[in-house]
Amino acid sequence: MSHSHSVKRYHGLMDWLTTVDHKKIAILYLVAGGFFLAVGGFEAMLIRLQLMFPENTFVAAHTFNELITMHGTTMIFLAGMPLLFALMNAVVPLQIGARDVAFPFVNALGFWLFFFGGVLMNISWFIGTVPDAGWTSYPPLASNTYSGMGVNYYVVGLQIAGLGSLIGGINFLVTIVNMRAPGMSFMRMPLFTWTIFIASAIILFAFPAITVGLVLLLFDRLFGANFFEVANGGNPVLWQHIFWIFGHPEVYILILPAFGVISEVVSTFSSKRLFGYSSMVFATVLIGFLSFMVWAHHMFSVGLGPVANALFSVATMLIAVPTGIKIFNWLFTYWGGHIRFTTANLFASSFIPTFVIGGVTGVMLSVAPADYQFHDTYFVVAHFHYTIVGGLVFGIFAGLFYWWPKMFGRMLDERLGKVTFWFFFIGFHLTFLVQHFLGLQGMPRRVFTYLKGQGWDTENMISTVGALMMGIASIVLLINVLITSLKPRNADADPWDGRTLEWAIPSPPPEYNFAQTPLVRGLDALWVEKEAGNKTITPAEPLGPIHMPSPSILPFVMSVGFFIAGFGFMYAKHEFANGIASFLFGNYIVAVAGLVIVLVSMFLRSVFDDHGFHIEPEELQEKGVKA
Amino acid sequence: MSSHADSHGHGGALPEYPEKATLEGRNKLLGFWFFLGGESVLFGSLFATFIALRGQVLDGPSPHELFNLATVALATFILLTSSLTSVFAVQGLHRHNVKTIQMWLAVTVVLGLAFLGLEIYEFNEYVREGHKFTTSAFSSSFYTLVGFHGGHVLFGVLWIGLLMAQLVKKGLTVVTAPKIYVAALYWHFVDLVWVFIFTVVYLMGKVG
Ligand code: HEM
Ligand SMILES: [Cu+2]
């Protein structure tokens, strides 16, 4: 066979800028998400240091506003979601026995959009006008009247990053529907893949809402529109609806994949099939649906009226049902299992009670009259940190320790891992458990300091000490990663005695994943083969040449284009003190230049077909063995 | 899993449904349907915004004074016709007849441009009557909703134009076929959104 298309293959930095391999994109997401996690964590430390003592003057009030805004925004959009995208890129195609994702190019584009959106937002720290209207950016606080340039960084940065999430979601929906190996019916899909499927569906239907919200806010701020300007007929509550129609589903975009990780880890380390698999699938789908029905529980005190409040109260409480199903299924999976307490499993098993506390406070908050008391106090802060840190972050840590060997071919150090776990676990509960009581005692959220003698001193001190412990845990994890990466590759294909397909191929996987597409013969496809006495998976096809997509720099260039255009719009009407600056930037030239870069890249992508290249069977053998 | 010839699309006769003959093509179609799901939420949010704010006209002209139904009806007729002509193009696709495809795509593009021309004319008139983007919450939401749709039409025109050029260069293959099919889907969607705009913005503005 003649494969005449020769494809340029890159090395070093260019390899990373042009890669369309989902496993490498996973690593990009991991590095960038990890970086932003560190940034957000640093911001959190500063917040807690300021609140350590009453009447503290460690940071100024205005800086404090900037810190809480950037902390929340960074953690949700630039750390949480990307780290989940890292796991889903690393794992989902392998779990469904695919050679690739449906749209490798779009996958790379999604990453670079997220990355440049995040960079844009954080450049505000260097420009000196930082977003300061809270991660929810409610108008009128977020309007020009009350907020500076910083909110523009929030709006534009989120818009670009959000685009990346949206196309990432579409990519995984199509991948999961169209690319499953023969025999893998929906009801044979591993639970992690299921949760990614539903989370991607939520992304698809939730993100366009925030896209519109951000456009409206941007038009108000830059072009004098009146969506939220009360004096001109606008309505700030409209923002709250749009934001939470997106915002509530968003928290389930975060937590469902964590549920998926926990399901995999619990069943692997109990050496048992997941208890109640089909009810788990059902619960996942139900949560996905309900997540769109309850947004107004963030708006009980706005004045929607008793009927609306009651309806949204009840709808919110309903979510506890499928969540409860999940909790019991995990417990029953452990029950009678042969349990191994690896670091991954420590995080998973402690996830369960921790998340239950977050769920219980959620149900308390869903009682509208009670919410009038709790709302905007530290009780809410405690609730969402129990769900997001105790849920999402525990889940991500469990997933990282579990899949690290698959991603990098190296085992993280278990002893250091356990140090990380205990510091993080204890630090977490110290930090946030006391915040429930602070809230009940009336400490409002988002205040930069408090007076002596209100009875809040001890709890705040404890909370800060706990936060420092989580900081130590993160540093130990970083050391672990460094030490591990200096050692030679030591991971087997299947270090944990795994059950799903990703453990059937070498660690790290070769770039084509499966030399031969596997034939799936049951739930927990690899386990089925192990039970049948087979060493490895049964192939569904003979060995042949494998078609691969070619690398491309266009996703990177296109994202740079968006980045430049974003800046251009933000400063087009800005009053510069310096004449040269206003000549260069004080007009729409920069914005148009950025958009031209985007359009030209799209044009090139459309006109030049990507023929990709082939890996021949002879090459396969050696790569498969070596990697 | 796609075989060699599959993913390249040169050589051999075209299959009956060239747009879904390859896995790449099927992925593209399904991905595009999902994309349209997202677009529905996008326009849904814009509609909700418009409905919430359409009463807030302040000192500016009200929808009733403003809208000229004759122009809008003509624009509607043009756009709906263009949906039909894009169907003819897809029929050409299934008959593997490049000439038919090109002709009907050309008609579609021309109709799209005519629609855009009418819209620009209409917006100009409104601004002259004191209905500026910054006049009121109603005006901001009107221009944003209708303008977003107009932007979609413009994008569609450029896109289909580009596909016509590709068709000249590459002919009808399993690579170009899904692109044309998907562009036609997009065009139907944009027309469908217009039907809602015609009803919710114009008819309800005139009557309600
Ligand atoms: C049983 C499940 C849950 C229920 C019943 C619930 C209920 C609530 C309610 C009623 C509020 C509004 C409190 C207020 O502002 O007055 C709230 C806030 C919040 N919840 Fe939950 N929740 C649940 C699970 C989750 C999960 C899984 C997450 C995230 C992964 C989450 C994240 C948040 C966040 C971030 C906020 C605060 C938003 C803000 O004002 O900044 N919740 N929750
Ligand atoms: Cu919520």
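Predicted model: local features only at pLDDT ≥ 70, side-chain atom pairs only at ≥ 80, totals over all residues.

Residues are numbered from 1 along each chain as its sequence is written, chains are lettered from A and ligands numbered from 1 in the order in which they are written, and side-chain values use heavy atoms, without hydrogens and water.

Which residues hold the protein donors of the copper ion (ligand 2)? They are His248(A), through ND1, and His297(A) and His298(A), each through NE2, at 1.8 to 2.0 Å from the ion. Donors here are N, O and S atoms within 2.8 Å of the metal (3.2 Å for Na, K and Ca); water is not among the atoms, so sites may look incomplete. The spacing of the donor residues in sequence is H-x48-H-H. His248(A) belongs to helix α7 (residues 236–270), whereas His297(A), 49 residues apart from it, sits in the loop between α8 (277–290) and α9 (306–318). Helices are DSSP runs (H or I, at least four residues), numbered from the N terminus. His248(A) is buried at 5% relative accessible area, and His297(A) is buried at 14%; buried means under 20% with a 1.4 Å probe, counting protein chains only.

The copper ion lies 4.5 Å from the iron atom of ligand 1. Around ligand 1, an oxygen atom of the ligand is 2.5 Å from a polar side-chain atom of Asp371(A). For Arg445(A), the corresponding separation from a ligand oxygen is 2.8 Å.

How values were computed:
Helix = DSSP H or I, 4+ residues; strand = E, 2+ residues; numbered from the N terminus. Buried < 20%, exposed > 50% of the residue type's maximum accessible area, 1.4 Å probe, protein only. Polar contact = N/O pair within 3.5 Å; in protein donor to acceptor, adjacent residues only side chain to side chain.
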